[in-house]
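User: I am new to this structure. Please show me how to read its features, one at a time.

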Amino acid sequence: MKRLAKYILAYSLVCSGLMSCQKQEEVQKKVVKYAGPMLETSNVLTLMSDSAQLRLRLKAPLEQIFDNGDQVYPKGVNLTFLDKDGVTVINTIKGNYGKLDKTKNLYVVRGDVQVTNVEKQQRMNTEEAFYDKNKALIYTEKETEVRVTTPTESLTGRGLTANQDFSRYTILTPTGVFAVDPAATAPAPTR
């Protein structure tokens, strides 16, 4: 009887040992690859130059860098393009979210996007815009609603392409032109 009990105990220990090895193999097979950011930085200021001249300033409250080199700005991004002197602001692109697709060298800006040419006092408002660094172009998708405001008029439409400094632009499908009275004053802010 004692011998039978010893065999049963030994058999159950061997079986449980084999089962625990099998469970460990299953656990090892279920490894999940991490797809989140590899690096996060707060209050980012990135300066980019060309021929030792400051040309672009990027500010963001949070920057996330991923394994593939993409950079995401989930709390907003502000790109400021500078003149050859590195001081004078030519234009800006602002949005509530931004991403740099490293392989395409393409910025995607979303959420209350504003593109402003400071010198010409032109501003575009939309929900999504792209800045292609290779082609020096700012554009939107064909269906994206845009509004361009100048000192004398407000233009609306769908789709836009523009040069990098937003001094020349084309609205792909214009839907309206509204004259702006430069002599009119803006209403006083309400409290």
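User: Where does Ala-136 lie?

Analyst: Ala-136 lies in the loop between E8 and strand E9 (137-139). Helices (H or I, at least four residues) and strands (E, at least two) are DSSP runs, numbered from the N terminus. Before going on, note that this is a predicted model: local features need pLDDT of at least 70, side-chain atom pairs count only at pLDDT 80 or more, and totals for chains, interfaces and linings use all residues. Residues are numbered from 1 along each chain as its sequence is written, and side-chain values use heavy atoms, with hydrogens and water left out.

User: What is the phi of Ala-136?

Analyst: Start with the general idea. Most residues other than glycine have a negative phi. Ala-136 has a positive phi of about 55°, although it is not a glycine. Asn-105 also has a positive phi of about 55° and is not a glycine. Asn-105 sits in the loop between strand E6 (97-101) and E7.

User: Is Ala-136 buried or partly exposed?

Analyst: Buried means under 20%, exposed over 50%, and partly exposed in between (1.4 Å probe, protein chains only). Ala-136 has 28% relative accessibility, so it counts as partly exposed. Asn-105, at 22%, is partly exposed too.

User: How many helices and strands does the protein chain have?

Analyst: The protein chain has one helix and twelve strands. Along the sequence, the pattern is α-β-β-β-β-β-β-β-β-β-β-β-β. Of the 191 residues in the chain, 32% are buried.

User: Which residues have the most contacts inside the largest nonpolar core?

Analyst: First, the general idea. In soluble globular proteins, nonpolar side chains tend to be buried together. A nonpolar core is a set of buried Ala, Val, Leu, Ile, Met, Phe, Trp, Tyr and Cys residues joined through side-chain atoms within 4.5 Å. Here the largest core has 26 residues, and Leu-58, Ile-93, Tyr-107, Met-124 and Leu-160 have the most contacts inside it. The elements giving two or more residues to this core include strand E2 (53-65), strand E7 (106-117), strand E8 (122-132) and strand E11 (153-163). E7 gives the most, with four residues.

User: Which strand holds Thr-161?

Analyst: Thr-161 is in strand E11. Its relative accessibility is 34%, so Thr-161 is partly exposed. Beyond four places in sequence, the contacts of Thr-161 include Ile-138, Tyr-139 and Tyr-169. Thr-161 and Ile-171 are ten residues apart in sequence, yet 6.7 Å apart in space, C-alpha to C-alpha. Thr-156 is found in strand E11 as well. Thr-156 has a relative accessible area of 12%, so it is buried.

User: Which residues line the largest pocket?

Analyst: Rolling a probe the size of a water molecule over the atoms shows where empty space is left. On a 1 Å grid over the protein atoms alone, using a 1.4 Å probe, a pocket is an open set of points with protein on both sides within 12 Å along at least five of seven lines; lining residues have an atom within 4 Å of a point. The lining of the largest pocket includes Met-48, Arg-55, Phe-81, Asn-91, Tyr-131 and Asp-165. E1, E2, E4 and strand E5 (89-95) each supply at least two lining residues.

User: What is the volume of the largest pocket?

Analyst: It is about 210 Å³. A volume is the space filled by probe spheres set on the grid points, which are joined across faces, edges and corners.

User: How many aromatic pairs are there?

Analyst: A pair of aromatic rings is described by the distance of the centres and the angle of the planes. Rings of Phe, Tyr and Trp (its six-membered ring) pair if their centres lie within 6.5 Å; planes under 30 degrees apart count as stacked, over 60 as edge-to-face and the rest as tilted. The count here is four aromatic pairs. Phe-130 and Tyr-139 are stacked, at 5.1 Å centre to centre and 20° between the planes. Phe-166 and Tyr-169 have centres 5.4 Å apart and planes at 15°, so that pair is stacked too. Phe-81, Tyr-107 and Tyr-131 form one aromatic cluster.

Methods:
Contact = heavy atoms within 4.5 Å.
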